[in-house]
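Reader: I'd like to go through this one label by label and see what backs each of them up. Can we start with the fold and work down to the side chains?

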Amino acid sequence: CAMVAHGPVLRTLYGSLLRTARSIEALTNKDNAHFVGQVLRRSTIKQFAEASLVSLVSKPFSAADGSSPASLVREAFRGRGRHLAATEARSTCPPSHSLDDAFAALRIGNDILSWLRLNGTLHRLHETDADVLEGACAIADALRGDGEHCLRGTLAEIERYATEVESLLEADSVARGEVEDLLEIADEVKTLLEADGARLAGDAAGRLRTLQRINTILYDKLGLKGHYGSGDFADISRGSGIDQALARRRGLPIALCVIYRAVASRLGLPVQVTNFPNHVLLRLETEGEGAVQTAEGSEAEAGAGVDVSAVTGLFVADYGPHGPEVVDVQVGRYWGEVRLVATKVTGDAHVPAGQQSWWARLAAGDGGADPPVGVGAEALPLVPPLPSSAPLKLEAGVQLADEGFVNPRWEEGASLEVRSASSLLLTFGEARGSDAAAPPLLFERCDPAGLWFVDAFRGGALLPPQVCAEILARTGMPPDQHAGCLEPAPPASVWARMTRNLWAAARRGGDETKAVFWEGAGCGLDEAAGRAN
């Protein structure tokens, strides 16, 4: 110590602490001041802290009354300087406890700034109504800690995925146009369908087909998968960072939702992250006055006469382990045989979107073979309607395949019960190759312009509101709280949830430093989001 003059040392400490205090002052707001105070009070600063940093939260931050962080640092040094002046004549070294306490204060101040800067960034993004992707990328930058920023690269990657989805949609549009030209749909059939309240499949399923094509790019082509890992901090941090999730093709539900939403928004779909508990979902807003038809509506029609030509449009059913899937049911003619044909709008790993799921025989034909597997429905609209009294039971066939649409095959022996124009029950029965004990699939009519939810963690599975309500009911959540879980979450709430995931993982791993960092990074975000709403 004799080789170092204490004057320059103290001047350097003074300047560093003053800059640190000013930075803390600039970044502290009414939403995070409480936590800043908690961290300071938990610190081990001794005599220096009594006169400076702990006092930062003892009274309002106001330069006018001398209580600002910077003024408190100056006051502390003036008091400490008078004590040092008295000892200067007796020693060439400053008192060791003074330097120790000052250095401790500087270290703790810098630790606070490390998370307060990220917190300040997230609050500024909230105040400027920034996209949720921007805050997620800021969190990813902090996780990586190399000083680089991933937003620009992530945006470029998202744009590339959106362009690929658009290319697929354009190809779909061309293919549908060629089919419609060949089929020459009769005007009187269009009039009949419109009179029955049905909507043409090309328009009705447009939003849902776009979602399915997003699934094709993100999950089938890129191989994006949901992944929790072991639950330790390393796995949670890799699954939370947007750049890491894209690079590793693995991510937590909230990270995959942010990625999915970014692609969907660039395609014009109004998709938002929700407050769904435990496992975040996306919400596709209604279009116009669309609303999902409920099972109660279908039951009300049971027993009435059913015009089979009206049993067309979009239906949803729970395909067991694959979750809810949407099919487009149309009436078609196959080598003289008239059938109801269900083509998947959303698919799974075995039978993907665009492939036929099942058919039901309406009228016998010339005994020709089934259409080739893997080819879209060669459907002709039914010219004469086929009136029937509900329920009507029809012979049916189902398409089965191994994972990856390997070894696709048609199996007969199933049956379709037309309960009403809005309710169809498919029973597997003696369908060869299928599990005869498998529960039947209940298809209920749905409105593609209504409210839908997307599970980005499970391959982009499409969920109607009633399915989400059933999931919430199984968790024991009271019904009056369901609506809040399904509402869109403001970006600030999404960022707060991401930081909580990281805080919880750090606590489980016993890393108190990381736990404090992520607790501080997210402090005040939920409160700020609540005021905005």
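Reader: Which strands close into the barrel, and in what order?

Author: Bear in mind that this is a predicted model. The barrel closes with eight strands, in the order β6-β7-β8-β9-β11-β12-β13-β14, and their pairing is antiparallel. From one strand to the next, the twist averages 30°.

Reader: How do you know that β7 and β8 pair?

Author: Pairing takes at least two bridges between two strands. Strand β7 (residues 324–334) and strand β8 (residues 337–344) are joined by eight bridges, so they pair under that cut-off, and they run antiparallel. One of the contributors is Gln 330, whose bridge partner in β8 is Val 341.

Reader: On to helix α15. What makes its buried residues line one face?

Author: Helix α15 (residues 465–474) has Val 467, Cys 468 and Leu 472 as its buried residues. Looking down the axis of α15, these fall within an arc of 140°, so they line one face of the helix. Just after α15 comes Gly 476, with a positive phi of about 90°.

Reader: Why is Cys 468 called buried, and why does Cys 485 count as buried too?

Author: Buried means under 20% relative accessible area. Cys 468 has 0%, so it is buried. Cys 485 has 9% relative accessibility, which is also under the cut-off, so it counts as buried.

Reader: Now the rings. Why is the pair of Tyr 319 and Phe 443 called edge-to-face?

Author: The structure holds five aromatic pairs, this one among them. Two tests matter: ring centres within 6.5 Å make a pair, and planes over 60 degrees apart make it edge-to-face. For Tyr 319 and Phe 443, the centres are 6.0 Å apart and the planes are at 85°, so both tests are passed.

Reader: What does that pair tie together?

Author: Tyr 319 lies in the loop between β6 (313–318) and β7, while Phe 443 lies in strand β14 (residues 441–445), so the pair ties together parts that are 124 residues apart in sequence. Tyr 319 and Phe 443 are both buried, and together with Trp 358 they form one aromatic cluster.

Methods. Residues are numbered from 1 along each chain as its sequence is written. This is a predicted model: local features need pLDDT of at least 70, side-chain atom pairs count only at pLDDT 80 or more; totals for chains, interfaces and linings use all residues. Side-chain values use heavy atoms; hydrogens and water are left out. Helices (H or I, at least four residues) and strands (E, at least two) are DSSP runs, numbered from the N terminus. Axes are lines fitted to C-alpha atoms, for helices over the stretch in contact, and angles run from 0 to 180 degrees between N-to-C directions. Buried means under 20% relative accessible area, exposed over 50%, partly exposed in between (1.4 Å probe, protein chains only). The arc is that of the directions from the helix axis to the C-beta atoms. Rings of Phe, Tyr and Trp (its six-membered ring) pair if their centres lie within 6.5 Å; planes under 30 degrees apart count as stacked, over 60 as edge-to-face and the rest as tilted.
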